[in-house]
Amino acid sequence: MRVWLAMMFSAAAVAAAPRAVLLHDELGPMETLGAALTKSGFEAAVQEQSVFTPKTDVVFMYVHGDLKPSVRDALIAWAERGGRLIVLHHGMASGKMRSPRWPEFLGVRILPRDAPENAWIVLRGDVDVVNLAPGHWITTHEVRWPETVAYVPSDAPSAEQQLPAFRLRDTEFFHNQLFTDARRKTVLLGVKITSGGRTIMQDRGGWMMPAGKG
């Protein structure tokens, strides 16, 4: 009986490994992320839109180009039924304006580059990712913050604060992603960059939000 129970617990432990699907149209970054997730105990599957299935524990979405309507609708439905969805970088960039239901679902608006105010712009340089929620599990669990930076939250009016951060060298900063869902989001990360002689800070480095049951 002890041997049989041991076999059952062993099988349960193997089956309990969390599963992650990495949906992409740029393989390199997702292979790197998949390798890191595998080291952390996940079963990571890298999938393109043509074979995507959300039968998993979490979906990482990193589609730079056009998001197929069927895939978009499947992602939204899966999240609203209780799934965990993590949208990365280009997954909510300006190209998604061609699929209006997607930014609406995310509670984000992106204005054209020629808009008179709050135009979308991509800046490049060294970016400080700033911890705006130091007590939150997501920002503290196995995350190191080696820097301390002066930061003024863009939730004005705010005072300058000394906050923990880490620096990403020579990367992109998506400026002017406008929230459209009031206070539904829990903002976790800010971004700070000096580009073209000006310093920009915006509370758009990372957030979490409910989507139906997910």
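**Figure 1. Strand β3 is covered on both of its faces in this predicted model.** On one side of the strand sit Val 58, Phe 60 and Tyr 62, on the other Val 59 and Met 61, and all of these residues are buried. Strand β3 covers residues 58–62, and since five of its five residues are buried, the strand is largely enclosed by the rest of the structure.

**Figure 2. Here we look at how β3 pairs with strands β1 and β4.** Strand β1, made of residues 19–24, runs parallel to β3 and is joined to it by five bridges. To find your place in this pairing, look for Leu 23, which stands opposite Met 61 of β3. Strand β4, residues 84–87, also runs parallel to β3, with four bridges between the two. A handy landmark here is Val 59, opposite Leu 85 in β4.

**Figure 3. Trp 145 and Phe 166 form a tilted aromatic pair.** The count of aromatic pairs in the model comes to four, and this view shows one of them, with 5.2 Å from centre to centre and 35 degrees between the planes. Phe 166 counts as partly exposed because its relative accessibility is 24%, where buried would mean under 20%.

**Figure 4. Phe 179 and Trp 207 meet edge-to-face.** Their ring centres are 4.8 Å apart; the planes stand at 75 degrees, and angles over 60 count as edge-to-face, which explains the label. This pair, too, links distant parts of the chain: Phe 179 lies in strand β9 (residues 178–179) and Trp 207 in strand β11 (residues 198–208), 28 residues apart.

**Figure 5. Lys 185 and Arg 204 lie over the face of Phe 179.** Staying with the Phe 179 ring, you will find Lys 185 at 4.7 Å from the ring centre. Arg 204 is at 3.6 Å from that ring centre. Phe 179 is also the partner of Trp 207 in the edge-to-face pair.

Technical notes: Residues numbered from 1 in each chain as written. Predicted model: local features only at pLDDT ≥ 70, side-chain atom pairs only at ≥ 80, totals over all residues. Heavy atoms only, no water. Buried < 20%, exposed > 50% of the residue type's maximum accessible area, 1.4 Å probe, protein only. Pairing = 2+ DSSP bridges. Phe/Tyr/Trp six-rings, centres within 6.5 Å; stacked < 30°, edge-to-face > 60°. Lys NZ or Arg CZ within 6 Å of the ring centre and 35° of its normal.
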